[in-house]
Amino acid sequence: MKKDSFAAIFADIKADPMNATYEQQGIDPLYSVNKQAKIVIVGQAPGKRAEESGLYWNDPSGDHLREWLNVSREDFYHRSEFAILPMDFYFPGKGKSGDLPPRKGFAEKWHPRLLQLMPNVELTLLVGNYAVHRYLQQPSKVSLTEIVQHYQDYLPEYFPLVHPSPRNRIWERKNPWFEAEVIPELQQRVAKILQG
């Protein structure tokens, strides 16, 4: 069996019939991986602005996420320690109340192959409900708030977070413990990994 590579996986994703509509429009899958990655950020799916610019987390949610991590835009996009693996690598479209959810089965199909090529990962940030429930295998009845509040239960491998969307600012105001306790711990862990 031939050895997998990032280039081979990228080609397989583009050739997958599941992604034919995007391929026909000339839209490439949007994610970022490398062998040196130490922090993997598993988010939802690229938004329309990210898809159009070809740059993941290129919106107000991304700005807020970088604030939480206490990293500059420059470091976020150019340091090899970061890898970005959304639950879907394509913008899923608009629904009645925002973007549609990531397509079912997408992350299950592609994440394992990509993660296998990143042996140095020390921390996986699970951003938002889809990533948190997929990776932590929690029943849907367990709320995201409850999981994030007990984030220490999933360390050192996983760090669950709410989505940094502007829509969640109300949630942040209602849950002051998030900024007081969770964010400082997140920043400390990220800084330690980046300092090597």
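**Entry 1: before starting**

I am working from a predicted model. I wanted the empty space to come up before anything else, and rolling a probe the size of a water molecule over the atoms shows where such space is left.

**Entry 2: the largest pocket**

I looked up the volume and got about 830 Å³ for the largest pocket. There are 34 residues in its lining, and those closest to the centre are Gln44, Ser61, Asp99, His163 and Ser165. Which elements supply at least two residues each to this lining? I found α3 (48-53), α4 (60-69), β4 (98-99) and α7 (129-136). The largest share is from α3, with three residues. I also sorted the lining by class: 17 residues are nonpolar, eleven are polar and six are charged.

**Entry 3: Ser61**

I picked Ser61 from the residues closest to the centre of the largest pocket and looked around it. Ser61 is in helix α4. Is Ser61 buried or exposed? Its relative accessibility is 9%, under the 20% cut-off, so Ser61 counts as buried. Leaving aside residues up to four places away in sequence, I noted that Ser61 touches His163, Pro164, Ser165 and Pro166. Two of these names were already on my page: His163 and Ser165 are also among the residues closest to the centre of the largest pocket.

**Entry 4: the second largest pocket**

For the second largest pocket I read a volume of about 190 Å³. I wrote down its lining: Met87, Pro101, Pro102, Arg103, Lys104, Gly105, Phe106, Ala107, Glu108, Tyr130 and Arg134. Two or more of these residues come from each of α6 (106-116) and α7. The biggest contributor is α6, which gives three residues. By class I have six nonpolar residues, one polar and four charged. I note that α7 also supplies at least two residues to the lining of the largest pocket.

**Entry 5: aromatic rings**

Next I turned to the rings. A pair of aromatic rings is described by the distance of the centres and the angle of the planes. How many aromatic pairs are there in the whole structure? My search gave 15.

I followed two of them through Tyr31. With Phe10, Tyr31 makes a tilted pair, at 6.3 Å centre to centre and 45° between the planes. Phe10 is in helix α1 (residues 6-15) and Tyr31 is in the loop between α2 (20-24) and β1 (39-42), so this pair links parts of the chain 21 residues apart. With Phe89, Tyr31 makes a stacked pair, at 4.4 Å centre to centre and 25° between the planes. Phe89 lies in the loop between β2 (82-84) and β3 (94-95), so this pair ties together parts that are 58 residues apart in sequence.

Phe10 is partly exposed at 29% relative accessible area. Tyr31 is buried at 13%, and Phe89 is buried too, at 1%. Phe10, Tyr31 and Phe89 belong to one aromatic cluster, together with Tyr22, Tyr90 and Phe106.

**Entry 6: charges over rings**

I noted two arginines here. The charged end of Arg66 sits over the ring of Phe76, 5.0 Å from the ring centre. The charged end of Arg134 sits over the ring of Tyr135, 5.2 Å from the centre of that ring.

I finished with the backbone. Most residues other than glycine have a negative phi, and most peptide bonds are trans.

Where is there a cis peptide bond? I found one joining Leu155 and Pro156, with omega at about 5°. Pro156 is in the loop between α8 (144-149) and β6 (158-161).

Asn70 has a phi of about 60° and lies in the loop between α4 and α5 (73-78). Gln137 has a phi of about 55° and lies in the loop between α7 and α8. Are they buried or exposed? Asn70 has a relative accessible area of 60%, over the 50% cut-off, so Asn70 is exposed. Gln137 is exposed as well, at 59%.

Note on methods: Residues are numbered from 1 along each chain as its sequence is written. This is a predicted model: local features need pLDDT of at least 70, side-chain atom pairs count only at pLDDT 80 or more; totals for chains, interfaces and linings use all residues. Side-chain values use heavy atoms; hydrogens and water are left out. On a 1 Å grid over the protein atoms alone, a cavity is a set of points where a 1.4 Å probe fits but cannot get out, and a pocket is an open set with protein on both sides within 12 Å along at least five of seven lines; lining residues have an atom within 4 Å of a point. Grid points are joined across faces, edges and corners, and a volume is the space filled by probe spheres set on the points. Helices (H or I, at least four residues) and strands (E, at least two) are DSSP runs, numbered from the N terminus. Ala, Val, Leu, Ile, Met, Phe, Trp, Tyr, Cys and Pro count as nonpolar, Asp, Glu, Lys and Arg as charged, and the others, Gly among them, as polar. Rings of Phe, Tyr and Trp (its six-membered ring) pair if their centres lie within 6.5 Å; planes under 30 degrees apart count as stacked, over 60 as edge-to-face and the rest as tilted. Buried means under 20% relative accessible area, exposed over 50%, partly exposed in between (1.4 Å probe, protein chains only). A charge sits over a ring if NZ of Lys or CZ of Arg is within 6 Å of the ring centre and within 35 degrees of the ring normal. Contact means heavy atoms within 4.5 Å.
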